[in-house]
Amino acid sequence: MAKNLLIVESPAKAKTINKYLGKDFKVLASYGHVRDLIPKEGAVDPEQDFAMKYDVIERNQKHVDAIEKEARAADAIYLATDLDREGEAISWHISEILREDGLLEGKDVHRVVFSEITPRAIKAAVEHPRELSINMVDAQQARRALDYLVGFNLSPVLWRKVARGLSAGRVQSPALRMIVEREKEIEAFNPQEYWTIEADLAHTETPFRAKLTRLHGKKFEQFDLTDEATAHAAREALLKAAGGQLTVGEVGSRERKRRPAAPFTTSTLQQEAARKLGFSTSRTMRVAQGLYEGVAIGDEGNVGLITYMRTDATALSDEATSELREVIARDFGDKALPEAVQVYKAKSKNAQEAHEAIRPTSAMRRPAEVAKYLNDDQRKLYELIWKRTVACQMIHARLNTVSVEFPVGDSSFRATGTTVIDPGFLAVYEEGQDTKGDDDDKRRLPKLAKGDVVPLTDILADQHFTEPPPRYSEASLVKALEEFGIGRPSTYASIIQVLLNREYVWLDSRRFKPTDVGRTVSNFLTEHFTQYVDYDFTAKLEDELDAVSRGEEAWVPLMQRFWKPFKDQVDDKIETVDRGQATGARELGTDPKTGKPVSVRLGRYGPFAQIGTRDDEEKPQFASLRPGQSMHTIELAEALELFKLPRKLGEVDGEEVSAGIGRFGPFVKQGSTYASLPKEEDPHTVTFERAQELIREKLEMLANRVIQEFDSGIQVLNGRYGPYITDGEKNARIPKEREPKELTEAECVELLAAAPVRKRRGAAKKATKKTAAKKTAAKKATKKTATKKTAAKKATKKAAAKKATKKAAKKTTAKKTAVKKAVGKSVSDAD
């Protein structure tokens with residue numbers, strides 16, 4: 001057994017580090033978080049100074065067991081999880097588990113941190129360990145407690161007042177509000193007409209255009225020409241005054257310098273990867289994690305290629321800048337080097353959690369040299385990081401901007417263009433932009449001098465309309481979150497992923513658009529819990545958590561200030577808020593046929609339109625909204641169209657063919673035969689001929705469904721996902737090497753016996769939860785009764801655990817039998 005146990009978070013990192021340390025070290029992975037709050041009410045107790053009840057995450061129990069086994073034999077334990085607050089908390093949880101089990105007595109426990117996985121960094125970290133930072137742990141615990149309390153108290157309000165299954169998050173809710181508010185801006189936007197005028201000039205060297213900058217003696221503004229008649233009148237007057245040519249009046253030029261962008265932080269990496277590579281934030285972080293933890297590079301074995309990817313610092317180590325300057329001098333010459341190292345200050349006032357910006361662990365590893373060892377995503381991201389880091393230590397670019405004036409009577413045109421005198425860092429890298437920039441920076445003008453005459457091809461008057469603000473892309477949303485101080489670098493990807501997973505937003509042409517559910521949730525929270533989705537309040541809370549991590553503030557008082565007013569507001573809203581108002585229900589007008597009110601509201605299966613009310617003698621009529629329609633913008637005429645379903649399309653052999661929308665989506669129907677409509681087809685527009693085609697396909701599928709049928713009731717059927725065997729209660733897969741038509745009854749019986757019992761969703765979930773709870777209870781009971789100090793007591797513990805497990809297994813078997821009976825016909829489910 002090794003004398004020292006070093007614990008990291010991921011197996012990939014463990015594999016890379018393992019070869020750097022000698023035989024005296026054993027490196028194990030915790031596989032991320034080892035403990036979390038118990039998943040039920042009471043996990044955080046505000047009455048007991050927010051005491052938190054943790055339990056080992058079930059899927060990671062085996063990894064915790066492996067760590068405990070090695071810890072028993074080790075002389076010293078090194079906690080080497082990530083260097084941010086979350087990593088600090090994981091180290092603390094591991095140490096707490098080991099302490100509670102009596103495995104730290106007489107052992108040295110060290111905390112080691114490193115921002116890159118290289119032999120030098122790992123050895124230096126092990127040689128210079130530190131104590132666990134309780135301040136950072138407290139900050140992370142406070143963050144987790146806040147998220148838990150908000151989720152467990154706010155989500156039930158949404159269930160009662162809006163719809164079941166919804167949830168709210170402390171940080172995700174302000175981010176959702178940001179997206180919803182942008183959508184409202186777009187809807188409220190009224191485009192304004194304006195006209196621009198340009199001169200099309202035919203210079204012998206290169207044609208170019210000049211923009212009108214003065215009209216009738218005054219500066220030409222955007223809205224000076226707002227209709228076709230005045231725009232064309234101005235054009236005709238300018239054409240007449242020009243007489244087929246323009247003469248150069250003044251030529252001005254100025255040299256300007258452009259500095260390179262700072263090396264990557266988490267947010268700027270996510271933004272650039274989105275702009276330039278089309279990567280989502282989660283994809284960027286996943287690829288970066290792999291590059292950080294280590295990639296097999298030929299004879300070198302596993303090598304960490306970049307530094308830690310969760311950081312808001314822009315600093316670079318002296319060793320890194322020295323190596324960068326060496327690479328720049330060699331590849332671009334000494335003239336590409338500034339006199340001194342370029343130093344960048346972090347924009348974030350809280351940039352204290354990591355030591356360095358994201359950079360290559362060695363700039364000597366050029367992208368072309370390591371490309372063959374990387375997959376496509378890794379290659380692209382590594383190249384982006386390498387170029388940005390090298391560019392940040394190069395000289396500024398020198399640009400010359402030329403401006404040429406062309407007077408025409410009491411008006412004038414201007415042409416501008418930019419030439420590069422010295423590309424500097426632009427030879428390596430140029431930062432991307434979220435919005436379209438002015439093309440003047442890229443335009444080159446011919447050489448012009450005062451008095452030069454340039455032939456005029458035409459004067460162009462172009463109509464334009466102002467555009468609404470664009471929806472957020474992943475890059476611009478991350479930028480906005482950072483600017484508002486919402487979340488932290490390590491949370492941006494998860495914020496976005498949660499909003500997508502909850503179906504509060506969706507990506508339309510890589511831009512975020514809120515769903516009706518997301519918009520309703522945001523509207524409800526903004527109206528009734530304004531403070532808790534307020535950007536400044538959320539940012540201030542983040543600042544306070546940062547203060548806790550620096551030891552400037554205690555976490556319990558912070559929690560107390562938050563909790564009481566929040567809980568009071570939750571209790572009040574449960575009693576006072578009207579459900580109809582909370583769901584965003586809108587009355588659109590009156591149905592001309594019945595005289596009843598027409599409204600739209602949010603239901604269990606999404607938004608729908610309704611004619612009448614629940615108080616009427618007759619049951620209200622309901623209709624689902626069409627794809628692309630929103631309950632927040634739909635008008636009366638559009639809503640009334642929805643009630644034309646089901647549509648009668650025609651008849652076949654005396655059976656009506658119709659189209660409609662049911663619980664499981666759009667369909668066409670003939671008699672008792674239903675056929676689902678593909679996503680891209682609309683029941684409001686589907687034709688009789690297309691409906692017949694879909695029904696014919698469904699009937700053919702049903703006719704060919706039974707492959708074999710035995711007297712015992714066992715069938716071999718064609719299902720949605722291919723052939724399968726069923727006896728009505730259980731389904732079994734058919735081995736790939738077996739032909740379904742050739743299966744014998746005995747083989748079917750054998751395959752069914754080995755197949756798992758299919759459970760209903762609810763029953764399966766309940767059974768799993770109860771079984772897991774019983775296992776946890778058995779495990780806790782065992783831990784309490786065992787002292788783990790002698791071999792005899794260990795044996796007692798194992799026996800008790802075995803007995804508890806058998807008992808739980810018996811109860812699970814009984815539940816499975818009950819579920820079997822409740823499942824009913826599984827044939828239709830399989831199809």
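Author: Phe 524 touches Val 157, Leu 158, Lys 161, Val 162, Phe 529, Val 577 and Ala 582, leaving aside residues up to four places away in sequence; contact means heavy atoms within 4.5 Å. The model is predicted, so local features need pLDDT of at least 70 and side-chain atom pairs count only at pLDDT 80 or more, while totals for chains, interfaces and linings use all residues. Residues are numbered from 1 along each chain as its sequence is written, and side-chain values use heavy atoms, with hydrogens and water left out.

Phe 524 belongs to the largest nonpolar core, which has 76 residues; Phe 524, Leu 525 and Met 559 have the most contacts inside it. A nonpolar core is a set of buried Ala, Val, Leu, Ile, Met, Phe, Trp, Tyr and Cys residues joined through side-chain atoms within 4.5 Å. Buried means under 20% relative accessible area, exposed over 50%, and partly exposed in between (1.4 Å probe, protein chains only). Helix H5 (residues 134-161) gives the most to this core, with 11 residues. Helices (H or I, at least four residues) and strands (E, at least two) are DSSP runs, numbered from the N terminus. Apart from this core lies another, of 62 residues, including Ile 297, Leu 305, Tyr 308 and Ala 363.

Asp 82 sits in the loop between strand S7 (76-79) and helix H3 (85-100). Its relative accessibility is 5%, so Asp 82 counts as buried. Among the residues that Asp 82 touches are Glu 9, Lys 13, Arg 111 and Arg 310.

Another loop residue is Thr 515, between strand S20 (511-514) and helix H15 (516-528). Thr 515 has 19% relative accessibility and therefore counts as buried. The side chain of Thr 515 reaches the backbone oxygen of Glu 503 at 2.7 Å. Thr 515 also touches Tyr 504, Val 505 and Trp 506.

Next comes a sheet. Strands S29, S30, S31 and S32 form an open sheet in the order S29-S30-S31-S32, with antiparallel pairing; two strands pair if DSSP finds at least two bridges between them. Strand S29 (706-709) and strand S32 (731-733) each have a single partner strand, so one side of each is left without a neighbour in the sheet. Strand S30 (residues 715-719) is joined to strand S31 (residues 722-726) by 5 bridges, and Val 716 stands opposite Ile 725 in S31.

Val 716 is also one of the residues touched by Ile 707, which lies in strand S29. Ile 707 is partly exposed, at 23% relative accessible area. Ile 707 and Lys 741 are 34 residues apart in sequence and 6.2 Å apart in space, C-alpha to C-alpha.

As for the whole, the protein chain has 24 helices and 32 strands. Of its 831 residues, 48% count as buried.

Note on methods
Polar contact = N/O pair within 3.5 Å; in protein donor to acceptor, adjacent residues only side chain to side chain.
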